[in-house]
Amino acid sequence: MKWLSLISLGLLAGCAHLPNHSNEPPSRDFVGMENGKLLYLGNISKKHNKALFKAFNNVSDKPNRLVVSSPGGDVKAGLELGRWIQQNNMDVEVLRLCASSCADYVLTAGNHKYLHKDSILLWHGSAWQQNWKVDDNLQESFNKYINAARKEESAFFASIKVDNLITVYGQLQKQQHPENFTDKQIKGYDYSLADMKRFGLTNIVLLDNEWDWRQYRPVEKHEIQRITLGSDYQFTLNRF
């Protein structure tokens, strides 16, 4: 159906494509087992999820860590992957990038969250964001779809005990204080380790004993704005 195709594209939630610079290794798409590691490199999609689940089921010595580098992808595919990570008690290790639905549903679902010193995290919305652009003639169908996705997303965050405000806090701050968000280069937002913990992200492990990706990825730092939680913030489950 036409509206489903349109919504599927819309629910990519703006995959965050940060530029690949000459001093960085080229990115590649690969999902499966390689050298004893379970890898998910590339967009989050139903197709890639299927490949991951198959690779996991085909090995007798089950890995307990998923190594990811992803600009994000479809909301429902992200939720499916997040639930699988939770159900299998998987750790998540971020290589270069975990953005959009990767940050929303994959990182948050990990038992332990492993970060390299230059791992980029980026949030810029979820099913609960308010700025969907939908043609008037598709609005009714879209509402049915997004309401179901929101219900599924809320249940997911309640199950992993993370405040789902983490996915849209940057957008809400931009709406309330537009004077602080004038840089047109900004593709999304991130948080300090302390603020991620306030949202409910526990067991974050720094593989290099530091996480200061802006120092090691200076070009990208202009495209991701650090958001600080207000002193009046209170952790809340099932916020919406």
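## Basis of the model

The structure is a predicted model, in which local features need pLDDT of at least 70 and side-chain atom pairs count only at pLDDT 80 or more, while totals for chains, interfaces and linings use all residues. Residues are numbered from 1 along each chain as its sequence is written, and side-chain values use heavy atoms, with hydrogens and water left out.

## Overall make-up

The chain has eight helices and nine strands. Helices (H or I, at least four residues) and strands (E, at least two) are DSSP runs, numbered from the N terminus.

Of the 240 residues in the chain, 49% are buried. Buried means under 20% relative accessible area, exposed means over 50%, and partly exposed lies in between (1.4 Å probe, protein chains only). Among the contacts in the chain with a separation of 6 or more, 73% are between residues 24 or more positions apart; contact means heavy atoms within 4.5 Å.

Two packed helices are described by the angle between their axes and the distance between the axes. Here the axes are lines fitted to C-alpha atoms, for helices over the stretch in contact, and angles run from 0 to 180 degrees between N-to-C directions. Angles under 35 degrees count as roughly parallel, over 145 as roughly antiparallel, 65 to 115 as roughly perpendicular and the rest as oblique. A crossing is left-handed if the near helix is turned anticlockwise from the far one by less than a right angle, and right-handed if clockwise.

Helix α2 (residues 46-57) and α3 have axes that come within 9 Å and cross at roughly 20°, and the two helices are therefore roughly parallel to each other. The crossing of α2 past α3 is left-handed. On the α2 side the contact involves Lys46, Asn49, Leu52, Phe53 and Phe56, which meet Lys76, Ala77, Glu80, Leu81 and Trp84 in α3. These contact residues of α2 and α3 comprise six nonpolar, one polar and three charged. In this classification Ala, Val, Leu, Ile, Met, Phe, Trp, Tyr, Cys and Pro are nonpolar, Asp, Glu, Lys and Arg are charged, and the others, Gly among them, are polar.

Helix α3 (residues 75-87) also packs with helix α5 (residues 139-160), their axes coming within 11 Å and crossing at roughly 20°. α3 and α5 are therefore roughly parallel to each other, and their crossing is left-handed. From α3, Lys76, Leu79, Gly82, Arg83 and Gln86 make the contact, and from α5, Tyr145, Ala149, Glu152, Glu153, Phe156, Ser159 and Ile160. The residues in the contact of α3 with α5 are five nonpolar, three polar and four charged.

## The disulfide

A disulfide is a covalent bond between the sulfur atoms of two cysteines. It is assigned to a pair of cysteine sulfur atoms within 2.5 Å, and by this rule the count is one. The bond joins Cys98 and Cys102, whose sulfur atoms are 2.1 Å apart. The link is left-handed, with -100° about the S-S bond. Cys98 is buried at a relative accessible area of 0%, and Cys102 is buried at 1%.

## Buried residues and their contacts

Pro63 lies in the loop between α2 and β3 (65-70) and is buried, with 14% relative accessibility. Leaving out residues up to four places away in sequence, Pro63 touches Met33, Leu38, Phe56 and Met90. The C-alpha atoms of Pro63 and Leu38 are separated by 6.7 Å, although the two are 25 residues apart along the chain.

Gln171 belongs to helix α6 (residues 169-176) and counts as buried at 13% relative accessibility. Neighbours within four places in sequence aside, Gln171 is in contact with His124, Gly125, Gln129, Asn131 and Tyr189.

## Residues with greater exposure

Arg226 is in strand β9 (residues 224-226) and is partly exposed at 36% relative accessibility. Not counting residues up to four places away in sequence, Arg226 touches Asp190, Tyr191, Ser192, Trp211 and Arg214. Arg226 and Ser192 are 34 residues apart in sequence and 7.6 Å apart from C-alpha to C-alpha.

Most residues other than glycine have a negative phi. Asn35, however, has a positive phi near 55°; Asn35 lies in the loop between β1 (30-34) and β2 (37-41) and is exposed at 78% relative accessibility. Asn209 also has a positive phi, of about 60°. Its place is the loop between β8 (204-206) and α8 (213-216), and Asn209 is exposed at 73% relative accessibility.
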